[in-house]
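My notes are below, roughly in the order I looked things up.

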Amino acid sequence: MVPDRRPADMVRITTPELAQVFIDEQIAAIREQVGDKKVLLALSGGVDSSVVAALLIKAIGDQLVSVHVNHGLLRKGEPEQVIEVFRNQMKANLIYVDATDRFLDKLAGVTDPEVKRKIIGGEFIEVFAEEARKLDGIEFLAQGTIWPDILESEDGIKAHHNAGGLPEDMDFALVEPIKILFKDEVRVIGEQLGLPHGMVYRQPFPGPGLGVRCPGAITRDRLEAVRESDAILREEFAKNGLDQTVWQYFTVVPDFRSTGVKDGKRAFEWLCIVRAVNSVDVMTATPAQIPFELMEHITDRITHEVPGINRVLYDFTPKPTGTVEFE
Ligand code: XMP
C-alpha cells in the first residue's frame, strides 16, 4: 500500500533505481484501487499530468481515458507532442479536443485579466465535463496532485487547484498516484517511465497559457504573433544552452502599436517583449542576463519572421515589482 501522506522519513527519489521501486509500488496500488473500472484524466501535457498518464498507462492500459483539451492558447507544437507521445508512442486511449474556436469566441473583446482567466478556467471545466458525459462507465478521476499542492492548500496559501471544479453530479473517486512527491521526484519518475526529457524538464507554463501573454483583448493574429515569437525564443535559447540555465522565458505581445519602417515603408506594428527570469521559489524573480549579441539575433529573427512585429524589448523588471506573467 502507498501511504496517503508523505512519510517524514521518506527517502528523496533521486535515482532511476529509487524511481523504479516507486513505480512498481504505484502500479500495484493503482491496480488494486481501480480493478477493471475506467479512469479519466485531463492531460494538459504538463509535467504532472503527463507523469500520471504514463504511470496509469503502465498500470491499467486502455482503462485510462485521457482527454487533451486544446484551448487554443498552447505553445507551438504542444498539442502535436501530446498526440505523438501518448497516442502514437504510448498507445494511450486519448481523446483530443480542439476547442480553440470556443475559447477564442468567448474571449473576444475581453480585456480584464481576471475575467480572461475566469473564462479560460470555466470553459476548460465545461469542455472536460462534456467529454466526460459522453463516456460510459467512468468511476475514477486521476489527478496530478503533488505534495506541495497539498501542503499549500493546508496552509491556506492557495486552493487545492486539482481538487475538482467539476459539476457536483460528477463525483468520481480520485486516483492521485504522485501526491506524496516533490516536483524534482516527479521528473525522475517521468524519465524512468520513458517520457521525453524535454517534456519532463520543461519550464513552468500557466494554465491560461498564452492568453496571459497577449495582454488586452485576445485576437487571433496577435495570439499567433505571441506563439511564433515564443517558438523563436525557445529555439534560440535551446541552441545556446540557455534553456538549461534560465528558469522561465517567454514573449509577450501587448495590444499596442508603434511606428517603424520595413522594406522602405512605414510599418505601424506591435512590439514584442522578451521576459526571461531566474527564480527559486517563484515568490521573487530576477531578470536573466542574456548575451547582447544573442538578443540582437533574436530581435532580428522576430522582427523579420513574425508578421506584425517591428520592435523587440527586453523586460528588466524583477519580481517584485513585476510578477513573472503580465496578467
Ligand atoms: P506570477 O506571474 O504570479 O507567476 O509571478 C508565478 C509562476 O506561476 C505561473 N503562473 C501560473 N501557473 N496557472 C498556473 O498553473 C496560472 O494561472 C498561473 N499564473 C502564473 C507563472 O508562469 C510563473 O511560473
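What follows is my notebook, entry by entry.

**Ground rules.** I am working with a predicted model, where local features need pLDDT of at least 70 and side-chain atom pairs count only at pLDDT 80 or more, while totals for chains, interfaces and linings use all residues. I number residues from 1 along each chain as its sequence is written, and side-chain values use heavy atoms, with hydrogens and water left out.

**Entry 1: the ligand.** The shell includes Arg-117, Trp-247, Gln-248, Val-282 and Lys-319. I also listed Pro-204, Pro-206, Gly-207 and Pro-208 there, along with Thr-323, Val-324 and Glu-325. By class I get 6 nonpolar, 3 polar and 3 charged residues. For the classes, Ala, Val, Leu, Ile, Met, Phe, Trp, Tyr, Cys and Pro are nonpolar, Asp, Glu, Lys and Arg are charged, and the others, Gly among them, are polar.

Next I asked which side chains put an N or O atom by a ligand oxygen, and at what distance. The protein covers 68% of the 490 Å² of accessible area that the ligand has on its own. Those areas come from the Shrake-Rupley method with a 1.4 Å probe; for residues, only the protein chains shown count as cover.

**Entry 2: cis bonds.** Lys-319 came up again when I checked omega: its peptide bond to Pro-320 is cis, near -15 degrees. The bond joining Pro-320 and Thr-321 is cis too, with omega about 20 degrees. I place Pro-320 in the segment after strand S10 (309-314), and Thr-321 is also in the segment after S10. Helices (H or I, at least four residues) and strands (E, at least two) are DSSP runs, numbered from the N terminus. I flagged these bonds because most peptide bonds are trans.

**Entry 3: positive phi.** Where does Lys-91 sit? I found it in the loop between helix H3 (78-89) and strand S3 (93-98), with phi near 60 degrees, a positive value in a residue other than glycine. Lys-91 is exposed, at a relative accessible area of 62%. My scale is buried under 20% relative accessible area, exposed over 50%, and partly exposed in between (1.4 Å probe, protein chains only).

Asp-263 has a positive phi of about 50 degrees although it is not a glycine. I place Asp-263 in the loop between strand S7 (257-262) and strand S8 (265-278). Asp-263 is exposed, with a relative accessible area of 77%. I noted both residues because most residues other than glycine have a negative phi.

**Entry 4: the second largest pocket.** I read a volume of about 260 Å³ for the second largest pocket. Its lining has 16 residues, and Met-1, Val-2, Gln-26, Gln-33 and Lys-179 lie nearest the centre. Helix H1 (16-34) and strand S5 (173-175) each supply at least two lining residues, with H1 giving the most, 5 residues. By class I count 10 nonpolar, 2 polar and 4 charged.

Grid points are joined across faces, edges and corners, and the volume is the space filled by probe spheres set on them.

I then followed Gln-33, which lies in helix H1 and is partly exposed at 38% relative accessibility. Gln-33 and Phe-140 are 107 residues apart in sequence and 9.6 Å apart in space, C-alpha to C-alpha.

**Entry 5: buried residues.** Thr-145 is in the loop between strand S4 (138-142) and helix H6 (147-154). Is Thr-145 buried or exposed? I have it as buried, at 0% relative accessibility. A polar contact of 2.5 Å joins the side chains of Thr-145 and Glu-176. A polar contact is a pair of N or O atoms within 3.5 Å; within protein, one must be able to donate a hydrogen and the other to accept it, and residues adjacent in sequence count only if both atoms are side-chain atoms.

Ser-229, in helix H9 (residues 220-239), is buried at 0% relative accessibility. Its side chain reaches the backbone oxygen of Ala-225 at 2.7 Å.

Notes
Near = heavy atom within 4 Å. 1 Å grid on protein atoms, 1.4 Å probe; cavity = no way out; pocket = protein on both sides within 12 Å on 5 of 7 lines; lining within 4 Å.
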